[in-house]
Amino acid sequence: MCGGLRAGGGGNDVQWCFSQVKGAIDDDVAEADIISTVEFNHSGELLATGDKGGRVVIFQQETENKSQPQCRSEYNVYSTFQSHEPEFDYLKSLEIEEKINKIRWLPQKNAAQFLLSTNDKTIKLWKISERDKRPEGYNLKEEDGRYRDAATITTLRVPVFRPMDLMVEASPRRVFANGHTYHINSISVNSDNETYLSADDLRINLWHLEITDRSFNVVDIKPANMEELTEVITAAEFHPHQCNTFVYSSSKGTIRLCDMRASALCDKHSKLFEEPEDPSNRSFFSEIISSISDVKFSHNGRYMMTRDYLSVKIWDLNMENRPVETYQVHEYLRSKLCSLYENDCIFDKFECCWNGNDSVVMTGSYNNFFRMLDRSQRRDVTLEASRESCKPRQVLKPRRVCAGGKRKKDEISVDSLDFNKKILHTAWHPQENIIAVATTNNLYIFQEKVN
Amino acid sequence: MEYKVEAHRIMSISLGKIYNSRVQRGGIKLHKNLLVSLVLRSARQVYLSDYYSGACLNAQSEREGNEWDITDSEREKFPPSATECDRVESTEEPQPNEQPEKEREYRENDDEVKSDQVDCTSTLQEQNQNSSLDSVAKVSSETPPESITEPKESPSDSAVAERDSTPEANGESHQPPKPYVCSNRKRSAEESESGDSPQKRTKVASSNAKEDEEAEEMDTSNVSNLITIFGSSFSGLLSKESAKPEAEAEDSGQICCDQMLKNLNPWSTAIVAF
């Protein structure tokens with residue numbers, strides 16, 4: 001970023017400005033273009049998105065232009081490739097969707113970049129590398145690749161490398177297949193940089209990045225009799241520093257922390273995080289809305305955040321019986337749960353993310369709203385990702401939803417919210433105040449206002 | 001009774017979702033189907049309990065008058081909130097008492113199908129007599145573990161005792177002249193809070209058959225409408241091979257319904273079809 005940006009901080013004294021938007025403008029959304037995951041790499045230089053069509057698009061941040069302090073580094077397309085294709089499981093007569101459920105970057109070790117991308121059944125390790133020179137002057141081949149007639153060769157020359165236009169290549173280096181019977185919902189790279197976990201509805205497997213033909217099952221909650229099934233695994237993540245520790249969340253609103261040193265099979269948790277249900281909020285749909293859709297460790301590894309349908313909770317890893325902080329994301333929806341059940345919105349899986357220094361968390365909502373929750377200042381703001389606020393460096397205006405009663409000016413009433421416009425995936429640059437917010441088929445990039 | 005209509009509607013919607021999930025691309029989503037089956041189960045309990053409370057309303061009017069004095073802490077499931085579903089349920093006062101019991105015990109016995117039985121039981125208990133009020137009050141105010149282990153607790157027992165349809169059934173809460181349906185017949189010893197009198201349990205056991213028949217009779221007409229609506233859908237499902245994810249999703253749909261509905265023929269046809 002150009003000039004004096006506060007690194008990683010930001011809450012409500014931060015003003016967010018529009019920076020860029022990627023994706024088609026027209027309202028007719030092709031299903032394949034629906035964004036299904038967004039992830040910055042560890043340096044923040046690269047931003048990857050996956051979509052329902054199985055494609056991965058990687059954006060790269062331009063290097064700063066220090067001579068122009070007002071300029072903002074922009075993210076431009078760096079690489080696009082088809083990660084997964086639709087498959088058909090002939091044995092079960094099931095189609096396997098190519099939708100990319102998750103992308104996770106590996107920490108960079110050399111010039112190339114590596115990421116893991118997964119659909120419902122198969123995880124792939126992709127290598128993204130740059131090529132900016134090519135060999136020229138082969139003796140036996142023409143420049144276009146055709147072989148020369150040996151009889152016509154009268155001299156020998158040494159091939160040399162000549163510069164060429166930058167080409168970014170993505171190649172699949174590993175394919176981790178057949179590890180999961182149920183749908184994969186999470187992948188998480190271990191801090192040891194050698195292993196990663198993948199979680200489906202009932203099982204969590206541990207893989208080695210080099211080994212594709214087998215994995216270790218570390219959690220299995222499948223009951224002997226499937227009729228007794230009462231909860232499924234909804235998300236899992238490795239601890240950012242402790243390579244033996246991971247957590248997984250359930251559809252019942254609990255989080256289990258497991259220590260792989262304790263035993264080979266981590267069915268017995270080391271810690272169980274669960275908050276007693278508030279009886280005054282009971283309804284038909286209490287169970288659905290308590291299902292956790294995302295779990296994320298803080299960068300410092302001391303906290304974790306969970307997202308359920310209506311709230312975000314911050315947990316201290318040392319306290320299991322209740323979260324240390326709870327934030328309502330869109331409490332005004334509590335009275336609409338029946339309608340949201342009918343139109344399936346109640347099953348939407350919202351993600352959440354931390355900023356670089358763990359002081360602010362962000363999550364999405366409906367009507368293309370997203371919420372910034374400042375932990376240190378105990379304040380929150382609702383912003384909107386819309387094409388109407390797309391002028392360069394336009395400051396985003398806080399939005400307010402009127403739950404009932406008299407609607408003030410500039411407020412939007414609950415009944416006017418567009419539930420088809422949902423922000424499920426957001427990502428925060430690991431060091432700077434740059435955020436990527438995915439609407440249905442567009443990716444918005446917002447940055448902190450620079451004065 | 002609007003809440004009955006609402007519960008019926010939610011059941012229809014839930015069944016529709018379960019059916020549609022089979023034709024969705026990517027196969028059955030276990031998580032979503034599990035959640036839908038939970039809602040289906042809750043709606044069904046409300047629906048059935050409404051039915052019985054309505055049927056016996058006249059006979060029970062005297063007793064139920066006492067139940068209107070239920071404390072707020074017991075109106076846990078359906079407080080008079082703004083939710084469309086909640087509102088209709090809160091109009092039926094016995095309702096709120098049932099659900100907390102159900103919810104707690106469900107959460108407790110999350111690995112047990114019998115939780116369904118207890119739940120169904122508990123939906124019925126509230127229509128019971130004065131003594132049940134005390135036990136209900138206890139249940140509502142206790143934390144889940146306690147509500148299960150509390151020996152004096154007799155909500156399930158009250159249900160086992162069945163609802164007394166005649167005014168003669170007095171304060172002695174454990175007289176089962178008119179047996180109730182579903183869960184009772186499946187209740188295991190550990191479920192019934194131990195405060196039961198042995199006499200009551202014996203009666204329960206012996207009246208199972210009677211319960212079933214009565215339940216079936218009462219339920220059939222309501223259920224058959226649903227079956228008619230979904231009848232053609234289910235027939236296709238029967239022929240599906242038992243691919244693992246499907247079987248499991250089917251099972252998850254069955255979890256909540258199966259034990260309770262086994263002896264209700266129309267229901268079992270529908271659910272087994274999954």
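1. Buried means under 20% relative accessible area, exposed over 50%, and partly exposed in between (1.4 Å probe, protein chains only). By that rule Lys296(A) is buried, with a relative accessible area of 12%. Asp294(A) is also buried, at 4%. The side chains of these two residues meet in a salt bridge, 2.9 Å from N to O. A salt bridge here is a side-chain nitrogen of Lys or Arg within 4 Å of a carboxyl oxygen of Asp or Glu.

2. On the ground rules: this is a predicted model, where local features need pLDDT of at least 70, side-chain atom pairs count only at pLDDT 80 or more, and totals for chains, interfaces and linings use all residues. Residues are numbered from 1 along each chain as its sequence is written, chains are lettered from A and ligands numbered from 1 in the order in which they are written, and side-chain values use heavy atoms, with hydrogens and water left out.

3. How many salt bridges are there over all chains? The count comes to 35. One of them joins Arg256(A) and Glu231(A), at 3.6 Å from N to O. Arg256(A) lies in strand β18 (residues 255-259) of chain A and Glu231(A) in the loop between β15 (216-220) and β16 (233-238), so the pair ties together parts 25 residues apart in sequence. Both residues are buried. Helices (H or I, at least four residues) and strands (E, at least two) are DSSP runs, numbered from the N terminus.

4. Glu384(A) and Arg399(A) form another salt bridge, at 3.2 Å from N to O. This pair links distant parts of the chain: Glu384(A) is in strand β27 (residues 379-384) of chain A, and Arg399(A) is in the loop between β27 and β28 (400-402), 15 residues apart. Glu384(A) is buried at 16% relative accessible area. Arg399(A) is partly exposed at 25%. Elsewhere, salt bridges that share partners join Asp33(A), Asp51(A) and Arg55(A) into one network.

5. Next, the rings. The structure holds 19 aromatic pairs over all chains. Phe176(A) and Tyr196(A) form an edge-to-face pair, 5.1 Å centre to centre with 75° between the planes. Phe176(A) sits in strand β11 (residues 160-176) of chain A and Tyr196(A) in strand β13 (residues 195-199), 20 residues apart. Both are buried. Rings of Phe, Tyr and Trp (its six-membered ring) pair if their centres lie within 6.5 Å; planes under 30 degrees apart count as stacked, over 60 as edge-to-face and the rest as tilted. Ring pairs also link Phe18(A), Phe370(A), Tyr444(A) and Phe446(A) into a cluster.

6. Lys17(B) lies over the face of Tyr341(A), 5.1 Å from the ring centre. Within chain A, the charged end of Lys141(A) sits over the ring of Tyr138(A), 4.9 Å from its centre. The test is NZ of Lys or CZ of Arg within 6 Å of the ring centre and within 35 degrees of the ring normal.

7. Strand β8 (residues 102-105) of chain A points Lys102(A) and Arg104(A) one way and Ile103(A) and Trp105(A) the other, and all are buried. β8(A) pairs with strand β9 (residues 113-118) of chain A in the antiparallel sense, over four bridges. Pairing requires at least two DSSP bridges between the strands. Trp105(A) has Leu115(A) as its bridge partner in β9(A).

8. Chain B has 13 helices and zero strands. Buried residues make up 62% of its 274 residues.
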